[in-house]
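Subject: Handing over the model

Hi,

Here is the structure I promised to pass on.

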Amino acid sequence: MIARVWKGWTTKENSRKYEELFKSKVLPKVTRGVRGHKGTDLLRRESENEVEFTTIFWFESLEDVKSFAGEKFERAVVPGEVQELMLRYEKTVQHHEVVL
């Protein structure tokens, strides 16, 4: 099992918009027709001036990650609509092998 981890930061005002966009558009694209996708977690952490989101996509294997993200699989897949809502975001993702 592989965890694909990405972070993005937005304003408090845009945080709910991002959550809705994630639920209505981003997540359905990943859950439908992506080989080896086993689930997704969206974590939220609010600070004084912004909201940090951590997204964890769970895949069966690294090959399944590559089928989703392409050959440059360490590059973040961030739709334009998401980019518009973010103050900043990671351009790359981390992949972790789940051991327990």
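Below is what I found, going from the whole chain down to single residues.

Some ground rules before the details. This is a predicted model, so local features need pLDDT of at least 70 and side-chain atom pairs count only at pLDDT 80 or more, while totals for chains, interfaces and linings use all residues. Residues are numbered from 1 along each chain as its sequence is written, and side-chain values use heavy atoms, with hydrogens and water left out.

**The whole chain**

The chain has three helices and five strands, in the order β-α-β-β-α-α-β-β along the sequence. Helices (H or I, at least four residues) and strands (E, at least two) are DSSP runs, numbered from the N terminus.

On overall dimensions, the C-alpha atoms fill a box of roughly 35 × 25 × 20 Å along the principal axes. The radius of gyration is 13 Å, which agrees with the value near 13 Å for a compact globule of 100 residues. That radius is taken over C-alpha atoms, and the globule rule is 2.2 Å times the number of residues to the power 0.38.

Of the 100 residues, 42% are buried. Buried means under 20% relative accessible area, exposed over 50%, and partly exposed in between (1.4 Å probe, protein chains only). The chain exposes about 6,400 Å², with carbon and sulfur atoms supplying 49% of it; areas come from the Shrake-Rupley method with a 1.4 Å probe, and for residues only the protein chains shown count as cover.

**Aromatic rings**

Rings of Phe, Tyr and Trp (its six-membered ring) pair if their centres lie within 6.5 Å; planes under 30 degrees apart count as stacked, over 60 as edge-to-face and the rest as tilted. The count comes to six aromatic pairs. One of them is Trp6 with Tyr89: the ring centres are 6.2 Å apart and the planes are at 45°, so the pair is tilted. This pair links distant parts of the chain, with Trp6 in strand β1 (residues 2-10) and Tyr89 in strand β4 (residues 86-89), 83 residues apart. Trp6 counts as buried because its relative accessibility is 8%.

Phe57 and Phe68 make another tilted pair, since their centres are 6.2 Å apart and their planes are at 40°. Here Phe57 sits in strand β3 (residues 51-59) and Phe68 in helix α2, 11 residues apart. Phe57 is buried at 9% relative accessible area, whereas Phe68 is partly exposed at 23%. Both belong to a cluster that ring pairs build from Tyr18, Phe22, Phe53, Phe57, Phe59 and Phe68.

**Single residues**

Thr55 is also in strand β3, and at 1% relative accessibility it counts as buried. Leaving aside neighbours within four places in sequence, Thr55 is in contact with Arg4, Val5, Trp6, Tyr18, Phe22, Thr40, Asp41 and Leu42.

Asp64, in helix α2 (residues 62-69), is buried too, at 7%. Not counting residues up to four places away, Asp64 touches Arg35, Gly36 and Phe59. Its C-alpha lies 10.0 Å from that of Met1, 63 residues away in sequence. Gly80, by contrast, is 16 residues from Asp64 along the chain, and their C-alpha atoms are separated by 23 Å. Gly80 is found in helix α3 (residues 80-85) and is partly exposed, at 42%.

What does His96 touch, leaving aside neighbours within four places in sequence? The list is Met1, Ile2, Ala3 and Val5. His96 lies in strand β5 (residues 94-97) and is partly exposed at 38%.

Cheers

Definitions and conventions: Contact = heavy atoms within 4.5 Å.
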